[in-house]
Amino acid sequence: MKDPLAIQPLVGLLADPDGHVRKNAAKALLRFEGEAVPYMVPLFAHSMPSVRRFVLHILSQMGASILPELEKAVFNTTDWVVANRVVDLMWRIGGNGAEACLIRCLSSPLAQKSTVVLLGFMKSQNAPAHVISLFKDPSMRRIILYALSRMGTDVSYSFIAQTLSWQVGSSGSMAMDVSVRIGKNMVKFLLQEINNPNANVERIVQTLFRIAPDQADSLLEVYARANPQVKHWVMVFAQA
């Protein structure tokens with residue numbers, strides 16, 4: 001029979017110098033699954049790396065069943081280290097359940113940046129709109145653009161193309177670098193954006209020449225006939 005009162009003493013044994021004691025405590029804690037999570041996650045900030053690794057190993061074995069408790073832990077902790085190691089564990093567990101939890105964890109100030117990165121690694125198809133909503137924070141913009149580039153959805157690529165026209169700060173140049181890294185999958189979205197009345201035509205044309213230097217002329221031919229700005233910058237970058 002599981003006795004919840006045994007959880008705290010068992011967690012304390014995870015730092016015991018005797019390996020056999022630690023292993024027996026771990027086996028016992030595995031039976032408690034989600035009940036043990038609130039007691040175990042504070043050890044992610046333990047001073048001993050071996051304890052942190054052991055806690056990660058135990059919680060990983062519990063798997064997707066503890067995702068709801070891990071999500072609660074992200075919002076209940078005031079420790080930056082704990083919050084970020086918990087979202088990393090969610091990513092390691094993976095699956096649709098982890099993706100949904102991570103999307104909700106975007107509203108945790110402590111774990112926001114790490115969560116954006118992890119959703120990018122996960123190539124989340126459901127996160128782009130949620131991630132884009134954080135773009136108003138200048139400290140998040142580079143992380144968001146690179147995460148969106150990995151997600152690879154139409155929403156992601158369209159937003160990156162729109163960001164090329166930003167005049168504030170370095171967002172436009174960051175979007176150009178990201179677009180070039182993505183490559184030819186960005187072409188359609190850049191051509192759509194060039195018709196935007198507020199488009200930074202120079203930057204879009206330059207990006208297209210960086211992505212497809214041998215094809216940019218023909219890709220932009222129709223747009224150059226209709227838009228003198230496009231024509232001008234095509235001539236500039238074709239000669240560069």
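In the predicted model, a salt bridge (a side-chain nitrogen of Lys or Arg within 4 Å of a carboxyl oxygen of Asp or Glu) joins the side chains of R210 and D177, with an N to O distance of 3.7 Å. Because R210 lies in helix 14 (residues 201-211) and D177 in helix 12 (residues 171-182), the pair ties together parts that are 33 residues apart in sequence. Helices are DSSP runs of H or I with at least four residues, numbered from the N terminus. R210 is partly exposed at 40% relative accessible area, as is D177 at 35%; buried denotes under 20%, exposed over 50%, and partly exposed the range in between (1.4 Å probe, protein chains only).

The model is a prediction in which local features need pLDDT of at least 70 and side-chain atom pairs count only at pLDDT 80 or more, whereas totals for chains, interfaces and linings use all residues. Residues are numbered from 1 along each chain as its sequence is written, and side-chain values use heavy atoms, without hydrogens and water.

The structure holds five salt bridges in total. Another of them links D88 and R92 at 2.6 Å, N to O; these residues are four apart in helix 6 (residues 80-93) and therefore separated by about one helical turn. D88 is partly exposed, at 22%. K72 likewise forms a salt bridge with E69, the closest N and O atoms being 3.3 Å apart.

S108 is located in the loop between helix 7 (95-105) and helix 8 (112-121). With 3% relative accessibility, S108 is buried. Beyond its neighbours within four places in sequence, S108 contacts (heavy atoms within 4.5 Å) V74 and F75.

Methods:
Helix = DSSP H or I, 4+ residues; strand = E, 2+ residues; numbered from the N terminus.
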